[in-house]
Amino acid sequence: MGNRGMEDLIPLVNRMQDAFSAIGQNADLDLPQIAVVGGQSAGKSSVLENFVGRDFLPRGSGIVTRRPLVLQLVNSPTEHAEFLHCKGKKFTDFDEVRQEIEAETDRITGANKGISPVPINLRVYSPNVLNLTLVDLPGMTKVPVGDQPADIESQIREMLMQFVTKENCLMLAVSPANSDLANSDALKIAKEVDPQGMRTIGVITKLDLMDEGTDAKDILENKLLPLRRGYIGVVNRSQKDIDGRKDINAAIAAERKFFLTHPAYRHLAERMGTPYLQKVLNQQLTNHIRDTLPGLRAKLQSQLLSIEKEVDEYKNFRPDDPSRKTKALLQMVQQFSVDFEKCIEGSGDQIDTAELSGGARINRIFHERFPFELVKMEFDEKELRKEISYAIKNIHGIRTGLFTPDLAFEAIVKKQIQKLKEPTLKCIDMVVSELTSTIQKGSQKLAQYPMLREEMERIVTHHIRDRENRTKNQVLLLIDIELSYMNTNHEDFIGFANAQQRINQMNKKKMAGNQVIRKGWLTINNIGIMKGGAKEYWFVLTAESLSWYKDDEEKEKKYMLPVDNLKLRDVEKGFMSSKHIFALFNTEQRNVYKDYRQLELACESQEDVDAWKASFLRAGVYPERVTSEGGDENGSDNFMHSMDPQLERQVETIRNLVDSYMAIVNKTVRDLIPKTVMHLMINNTKEFINAELLAQLYSCGDQNTLMEESQEQAQRRDEMLKMYHALREALNIIGDISTTTVSTTMPPPVDDSWLQVQRSGSGGRSPATSPTPNRRAPPGPPTRPGSRGPPPGPPPAGGPPLPSRPGASPDPHGGPPPTVPSRPNRAPPSVPSRRPPPSPTH
């Protein structure tokens, strides 16, 4: 393995991971990705291989890396490799890994130089690596070859950007020494995505391939085109070395010898080479780990504080102490009593903001659900008139009656009062259900004593059931009292004389049309489907209309729907829908809204639906009655058409009298039932828990059995103590890492204005900012290596000295020897511009 620095880091990270595993958590170090970017054949794959210390990437001339390779290093006791596309297959021979990379590349891109953005995912498990992600990216190129598309440059650029724009990505900007650094695609990309130079490290390769007499000293000293983190020179294995199976360790030794013996680099030898690059990257990883330590320490300390109070109790815990059990029993019963009362009566502390609970839910039963159930029992108009007419006819018998019989009124009223028994009993059932759930919720704090919890729930629930029977008997007695005597002298009863004026009176009693009953958001379910999805609107319900607006500012009204002749019905929610739906429809079979027979409105919860239904009741919109199917043997459909005028007047009179008297009865029932339930059941249960529960618990058996701890609680106590000690150990380890590692400070900013203009366009530079401006008197496009420039001429008058092509023959005009490495090979013999570059700061 060629990476000593990484091996030094591994024990630190492993200690941290072990400490966090002991408390069942992930250390979440989130180590950075390391990506290599650069031009084609710049030596990117070699740099990456040297960092891993293994020879496994495809090599050659031209474009070799044609798909991104995402290499995940995983610390593991054994060494092998796995591909995501070959699940379950382990590669122990790294030559096979290289062959698989080549085969997988050809499978997607073809064998003729094609490229693809689809990454190859490779995992390397080894005891000698950290959990890191390395990314080998295709080299940037401009001219398509083989099967490559015409826009090859932009495609590769987009591919690179997917990786290097991440803030957690260290970039190795790889540039070969034997080409002009100012044309480096890697530096251009780095400057664009990391303008501050915080995560870019320059890497100069192929130093051994420069022409004799030329060197890259100014670059490596960070004088030419400076980077904040500077440049590191490396010497990779040549293709001949790779073909000859030259070992990586031997190559690193040869690289070290090169830097120590080269006159231009001898003074820089300690800061050059693959080992130093590894050291720099490992120091960055150390810095990153140290940067995460304060957050991890704060997280651990907060956890430690949160469990410290509980752990203090456990430290002095003696399970067989009888006084502890008696004290715990008294505390538990007292706390249960306080919690139950707070839940029913309401409290300022421990408020549940997620849902209604306890007393609030019972209040909703009393004032929304119960009135709604009463109205649901209200009579169907046609059915009621039919019953009244039959009653009148049956009372008259064979004779034709001249007067309206009061016995018909009494018979109909008794029948309607009898119907009230069902909703009142249902109200009690709902209250019992809420009380039972409140008891179960309150007893959750007794989970550590399962026998006590079970016994307490049994005793209180049994008491509630006993009170339920008494309450139901009392409520049924109230209904029977109403049935026993018809008080037609009640001050609110209209009497026979005013029965004909009933309709007018009811119209007067109706609320003013501008009085708002309810406002809120609702979703129109069935209309929005046609337009690409249900839409939410702000609804305003008054006594006369239902309006909806675009939003709650109520400026843009969408529609106003009169509530006359409207009724509502429940709608089953759809298979994929989580909303609860109800619908408004017209009783006269007319369209409710545009071409729609019903308007489906959706709420987030059933509670919202119930609240809206109760509000619609106040506006006179009643629920649909569910009638049994089948014909009527008495021909009720034609009943109203066949009634004689005298009978019709008598029916109308009785109808108004029944309506008036039932309003009185309903008002009484709505008032008395909640009071009865409250007195006989809820208040009585509170008093029982407060005064009788403890005595009942003592009388039911052995207190030691009741106060036996659950296995879960004993296990929890052990886990809490283990957690406490593990947290303290993890904090100690973090302290050790803080003292045994050193952070390196970020180098100071450098003058990086040399690449400012490259952020726009495709790499063109203005002569004012480029360190390699026009190389000749006649301005023209720059020539690529190997091409010949124009004939030599005198330098431009008054122009700055041009840093270009060092290392050739001395300047004929007496200039100093060159120091700037840029395009050393195949220079025109007499370019009169070989002078030192001007200082970067003018």
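Predicted model: local features only at pLDDT ≥ 70, side-chain atom pairs only at ≥ 80, totals over all residues.
Trainee: Let's start with H8. How many residues does helix H8 have, and how far does it reach?
Mentor: Helix H8 covers residues 248-261, so to speak, with 14 residues, and reaches 20 Å from its first C-alpha to its last. That is close to the 20 Å expected at 1.5 Å a residue.

Trainee: Which residues in H8 are buried?
Mentor: Ile248, Ala251, Ile252, Glu255, Phe258 and Phe259 are buried in H8. They cover an arc of only 115° around the axis, which puts them on the same side of H8.

Trainee: OK, on to the sheet. In what order do the eight strands come?
Mentor: The order is E12-E11-E10-E9-E15-E14-E13-E16, in an open sheet with mixed pairing. Strand E12 (557-562) and strand E16 (622-623) stand at the edges with a single partner strand each, so one side of each has no neighbour in the sheet.

Trainee: What holds strands of a sheet together, in general?
Mentor: Strands pair through backbone hydrogen bonds, and they can do that parallel or antiparallel.

Trainee: Then E13 and E14: parallel or antiparallel?
Mentor: Antiparallel, over six bridges, between E13 (residues 566-571) and E14 (residues 580-586). For instance, Val571 has Ile581 in E14 as its bridge partner, and Lys567 has Phe585.

Trainee: And what about E13 with E16?
Mentor: E13 and E16 pair in the parallel sense, over two bridges. Lys567 turns up again here, with Tyr622 as its bridge partner in E16.

Trainee: Which helix lies across those strands?
Mentor: Helix H18 (residues 606-618) does; E9, E13, E14 and E16 are among the strands that H18 lies across. H18 runs at about 135° to E9.

Trainee: New topic: how many salt bridges does a search of the whole structure find?
Mentor: The search finds 26. In one of them, Lys472 and Asp429 have their closest N and O atoms 2.8 Å apart. Lys472 lies in helix H15 (residues 450-484) and Asp429 in helix H14 (residues 421-442), so the pair ties together parts that are 43 residues apart in sequence.

Trainee: Which residue meets Glu468 in a salt bridge?
Mentor: Arg465 does, at 3.1 Å from N to O. Glu468 and Arg465 are three residues apart in helix H15, or about one helical turn.

Trainee: Are those two buried or exposed, or something in between?
Mentor: Glu468 is buried, at 9% relative accessible area, while Arg465 counts as partly exposed at 41%. Salt bridges that share partners join Asp429, Arg465, Glu468 and Lys472 into one network.

Technical notes:
Residues numbered from 1 in each chain as written. Heavy atoms only, no water. Helix = DSSP H or I, 4+ residues; strand = E, 2+ residues; numbered from the N terminus. Expected span 1.5 Å × (residues − 1). Buried < 20%, exposed > 50% of the residue type's maximum accessible area, 1.4 Å probe, protein only. Arc of directions from axis to C-beta. Pairing = 2+ DSSP bridges. Contact = heavy atoms within 4.5 Å. Axes fitted to C-alpha atoms, helices over the stretch in contact; angles between N-to-C directions. Salt bridge = Lys/Arg side-chain N within 4 Å of Asp/Glu carboxyl O.
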